Amino acid sequence: MTLEVVTFWGLAVLLIGSALAVVLTKNLFHSVLYLALSLTATAGVFLALDAEFLAAVQLLLYAGGVVTIVVFAIVVTERLVGDRITQTSRHILPGLVLAGALLLGVLRFLRGADLPVERPVIAVDVTRAIGQVLLTEFVLPFELLAVLLLVGLLGALYFARPEE
Amino acid sequence: MGLGAYLTLAAVLFAIGFFGVVTRRNTIGILLGIELMLNAVNINLVAFARFNADVVGMIFTAFTIPITVAEVALGLAIVILMFRMKRTVIADHLDLLRG
């Protein structure tokens, strides 16, 4: 039980800290590296919630795929050294007020809600159960997802194609 | 840790991402904020699935993660296209749709 609490707080500090660094750091490239850290911490949260499969997917697709794509986009649109890679923020105070109001609203709702404290025991292997449900009950959305990915990537290729 | 702790963590993460979206001037920076917000939603989905002992919520997350990847790929393609046309990725300067 104590191990769970320590894991949760460690992950929470890492996640919140890296997320803050993503939105506050001046260098866009550092921002992306902090995003990779926070995505990895999210994979840790998934592990703490007994979702090993999703943690692996998170690491492969998000921390691997998304970060690579974003780095490529930065390389194309900015120079990696020099002044251009620095980014600025505007309207920090109104943004802070908006985000704080959003957080307070959600937290007030959470305080009023009746949430379970103990997690129920899952008897089956979660990864096996995900695989079975994915290829039986949800096989149609699963195939549609494949089509969506294909169309999305083709569209991205079409947009970013070399100029004729 | 109870469900409330995970939901609170996700709420804080969502608020940070939202702050990034409204304050960043660089379009890629805005996309990074959106990534953080989507991550918070995924944490919520997995936490609810775990505390209800129902694996279907995790299936939902397994769907949202690839959809997000497709979204980022398309978003960045649009950013690159915008950069070619306007030579800038600052959101304030992208006013092609202004009448």
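The term pLDDT denotes the predictor's confidence in each residue, on a scale from 0 to 100. This is a predicted model, in which local features need pLDDT of at least 70 and side-chain atom pairs count only at pLDDT 80 or more, while totals for chains, interfaces and linings use all residues. Residues are numbered from 1 along each chain as its sequence is written, and chains are lettered from A and ligands numbered from 1 in the order in which they are written. Helices (H or I, at least four residues) and strands (E, at least two) are DSSP runs, numbered from the N terminus.

**Confidence**

- The mean pLDDT of chain B is 88, and 99% of its residues score at least 70.
- Within chain B, H1(B) has the highest confidence, with a mean of 92, and H3(B) the lowest, with a mean of 87.
- For the complex, the predictor gives an ipTM of 0.89 and a pTM of 0.89.
- Where pLDDT is low, predicted coordinates should not be read in detail.

**Chain B as a whole**

- Chain B contains three helices and zero strands, and its elements follow the order α-α-α from the N terminus on.
- The C-alpha trace of chain B spans about 50 × 25 × 20 Å along its principal axes.
- The radius of gyration (taken over C-alpha atoms) of chain B is 17 Å, whereas a compact globule of 99 residues would have one near 13 Å, by the rule of 2.2 Å times the number of residues to the power 0.38.
- Of the 99 residues in chain B, 55% are buried; a residue is buried if 20 or more other C-beta atoms lie within 10 Å of its own, exposed if 12 or fewer, and partly exposed in between, with C-beta atoms placed from the backbone.
- Two residues are in contact if their C-beta atoms, placed from the backbone, lie within 7 Å.
- Among the contacts in chain B with a separation of 6 or more, 44% join residues 24 or more positions apart.

**The interface between the chains**

- On the side of chain B, 57 residues are in contact with 72 residues of chain A.
- Helix H1 (3-23), helix H2 (27-51) and helix H3 (56-86) of chain B each supply at least two residues of the side that touches chain A.
- H3(B) provides the largest share of that side, 21 residues.
- By class, the side of chain B that touches chain A has 43 nonpolar, 10 polar and four charged residues; Ala, Val, Leu, Ile, Met, Phe, Trp, Tyr, Cys and Pro count as nonpolar, Asp, Glu, Lys and Arg as charged, and the others, Gly among them, as polar.

**Domains and a helix of chain A**

- Chain A is divided into domain 1 (1-90) and domain 2 (119-164), with bounds that come from an automatic or database domain assignment.
- The centres of domain 1 and domain 2 of chain A, taken over C-alpha atoms, are 22 Å apart.
- Four residues from domain 1 of chain A and four residues from domain 2 of chain A make up the contact.
- The side of domain 1 of chain A that touches domain 2 of chain A has two nonpolar, no polar and two charged residues.
- Helix H6 (residues 139-159) of chain A has 21 residues and reaches 30 Å from its first C-alpha to its last, close to the expected 30 Å at 1.5 Å a residue; the expected span is 1.5 Å times one less than the number of residues.
- One of the 21 residues of H6(A) is buried, so the helix lies largely in the open.

**Individual residues**

- Most residues other than glycine have a negative phi.
- Asp50(A) has a positive phi, near 65°, and lies in the loop between helix H2 (28-48) and helix H3 (52-77) of chain A.
- Ala53(B), which is not a glycine, has a positive phi of about 55° and lies in the loop between H2 and H3 of chain B.
- Ala53(B) is partly exposed, because 15 other C-beta atoms lie within 10 Å.
- Val89(B) is in the segment after H3 of chain B and is buried, with 25 other C-beta atoms within 10 Å.
- Leaving aside neighbours within four places in sequence, Val89(B) is in contact with residues including Thr77(A), Asn26(B) and Phe83(B).
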